[in-house]
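Colleague: I would like to go through the labels on this model one by one. Tell me what stands behind each.

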Amino acid sequence: MGNLTLFMHVSLDGFAGGVNGEMEWIHVDDEIFDYGAERIYATDTALYGRKTYQLMEGYWPTAADQPDATKHDIEHSKWYKQAKKVVLSKTLKEENLINTHVINNNLVDQINRLKQNTEKEILLFGSPTAGHSLMAENLIDGYWLNINPVVLGNGIPVFKDMKIQNNLSLTTSRIFSSGVVCLNYTRKT
């Protein structure tokens with residue numbers, strides 16, 4: 001059975017994006033990409049909210065084909081094309097989507113079914129609104145948070161409308177040379 005883990009970049013004061021979803025404050029470099037790739041490439045199922053999925057679809061399927069493609073672009077593009085994608089959306093239609101399933105109702109039942117039918121970890125990438133919906137139903141099994149050394153003061157919160165989770169355990173942590181800290185928490189069973 002697969003666990004559902006939220007993977008998100010976070011400001012020091014707990015925001016996933018600026019007031020209008022700005023993300024230019026997020027620090028990424030080869031050190032962070034390489035560390036994240038170890039985790040990402042160990043799974044084959046990506047979960048997104050509609051907005052994040054559409055951003056990903058607009059870039060990753062052809063990222064490796066660009067003349068200035070980086071090592072990360074090539075590797076992640078290959079993974080993205082092969083990965084099973086699941087999108088939480090009430091408006092997106094599944095027709096003509098490649099290797100993508102849309103969950104538009106019965107969230108708890110559908111996510112539990114997805115977990116039961118997945119052997120590896122399911123990663124929820126970014127997608128704060130989708131994360132809020134899953135947190136409200138206590139469906140997230142772990143948190144993989146890249147804490148960026150920046151204070152936004154306001155924005156889209158990472159944690160909202162969730163049930164209290166005081167049963168988390170820190171499983172790994174890593175400090176990057178940029179000052180970004182990756183914390184990985186899993187829910188105690």
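Colleague: What makes Lys85 count as sitting over the ring of Tyr80?

Modeller: The charged end of Lys85 is 4.5 Å from the centre of the Tyr80 ring. The rule asks for NZ of Lys or CZ of Arg within 6 Å of the ring centre and within 35 degrees of the ring normal. Arg39 is placed over the face of Trp144 too, at 4.7 Å from the ring centre.

Colleague: What are the ground rules for these values?

Modeller: This is a predicted model, where local features need pLDDT of at least 70 and side-chain atom pairs count only at pLDDT 80 or more, while totals for chains, interfaces and linings use all residues. Residues are numbered from 1 along each chain as its sequence is written, and side-chain values use heavy atoms, with hydrogens and water left out.

Colleague: Why is the pair of Tyr35 and Phe176 called edge-to-face?

Modeller: Rings of Phe, Tyr and Trp (its six-membered ring) pair if their centres lie within 6.5 Å; planes under 30 degrees apart are stacked, over 60 edge-to-face, the rest tilted. Tyr35 and Phe176 have ring centres 5.4 Å apart and planes at 70°, so they are edge-to-face. The pair links distant parts of the chain: Tyr35 is in helix H1 (residues 30-40), and Phe176, 141 residues away, is in the loop between strands E9 (168-175) and E10 (181-187). Helices (H or I, at least four residues) and strands (E, at least two) are DSSP runs, numbered from the N terminus.

Colleague: How many aromatic pairs does this rule give?

Modeller: The count is 9. Tyr59 and Trp60 are another edge-to-face case, at 4.8 Å centre to centre and 80° between the planes. Phe7, Tyr48, Tyr53, Trp79, Tyr80, Phe125 and Trp144 form one cluster.

Colleague: Why is Trp60 called buried, and what is Tyr59?

Modeller: Buried means under 20% relative accessible area, exposed over 50%, partly exposed in between (1.4 Å probe, protein chains only). Trp60 has 10%, so it is buried. Tyr59 has 36%, so it is partly exposed.

Colleague: What makes E1 and E6 a strand pair?

Modeller: Two strands pair if DSSP finds at least two bridges between them. E1 and E6 have 4 bridges, in the parallel sense. Thr5 stands opposite Leu123 in E6. E1 also pairs in the parallel sense with strand E7 (residues 142-148), over 7 bridges. There, Ser11 stands opposite Asn148.

Colleague: How many residues of E1 are buried?

Modeller: In E1 (residues 4-11), 8 of 8 are buried. Leu4, Leu6, Met8 and Val10 point one way, and Thr5, Phe7, His9 and Ser11 the other.
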